[in-house]
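Student: I would like a close look at a single part of this model, the packing around one residue, and then an account of how that part sits in the rest of the chain. Please take it step by step and give the cut-offs as they come up.

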Amino acid sequence: MAWFLFGALWQFYFSGNKRTARFMMNGILMSHGFDAISEPAGRTQEFNQRMVDFHTDRDATQKMAFLIDCQTSN
């Protein structure tokens, strides 16, 4: 999850930073026996707001909690 957040924040890639960082996060999770994480369509606005908050204050606490909630609700 940290890879996703900081990959999206620091834009390691030329293009598609959130998509690529999410892909990497899910690859790491699945290679260690965990399910992939994706936010439900009904929570897209919350996902976007949490990303804005993270980019603004650099505090990953709420975004991590959101991702964990998405992972456990699958």
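Tutor: Leu67 touches Met1, Phe4, Leu5 and Ile37, where a contact means heavy atoms within 4.5 Å and residues up to four places away in sequence are not counted. The model is a predicted one, in which local features need pLDDT of at least 70 and side-chain atom pairs count only at pLDDT 80 or more, while totals for chains, interfaces and linings use all residues. Residues are numbered from 1 along each chain as its sequence is written, and side-chain values use heavy atoms, with hydrogens and water left out.

Leu67 also belongs, with Phe4, Leu5, Ile37 and Met51, to the residues that touch the most other members of the largest nonpolar core, which has 15 residues. Such a core is a set of buried Ala, Val, Leu, Ile, Met, Phe, Trp, Tyr and Cys residues joined through side-chain atoms within 4.5 Å; buried stands for under 20% relative accessible area, exposed for over 50%, and partly exposed for values in between, with a 1.4 Å probe and protein chains only. Two or more residues of this core come from each of α1 (2-10), α2 (17-31), α3 (44-57) and α4 (61-72), and the largest share, four residues, is given by α1.

These elements are DSSP runs numbered from the N terminus, with helices (H or I) of at least four residues and strands (E) of at least two. The protein chain has four helices and zero strands, and its pattern, read along the sequence, is α-α-α-α.

Lys18, in helix α2, counts as partly exposed at 42% relative accessibility, and it touches Phe4, Ala8 and Met51, leaving aside residues up to four places away in sequence. The C-alpha atoms of Lys18 and Phe6, which are twelve residues apart along the chain, are separated by 9.5 Å. Asn26, likewise found in helix α2, counts as buried at 11% relative accessibility, and its contacts, with residues up to four places away in sequence not counted, are Ala36 and Ile37.

The loops deserve a look as well. Most residues other than glycine have a negative phi. Gln11, in the loop between α1 and α2, has a positive phi of about 50 degrees although it is not a glycine, and at 52% relative accessibility it counts as exposed. Arg58, in the loop between α3 and α4, has a positive phi near 60 degrees and is also a residue other than glycine; its relative accessible area of 43% makes it partly exposed.

For the chain as a whole, 28% of the 74 residues count as buried, and residues 24 or more positions apart account for 52% of the contacts with a separation of 6 or more. The radius of gyration is 12 Å, which agrees with the value near 11 Å that a compact globule of 74 residues would have; the radius is taken over C-alpha atoms, and the globule rule is 2.2 Å times the number of residues to the power 0.38. Along the principal axes, the C-alpha atoms fill a box of roughly 30 × 25 × 20 Å.
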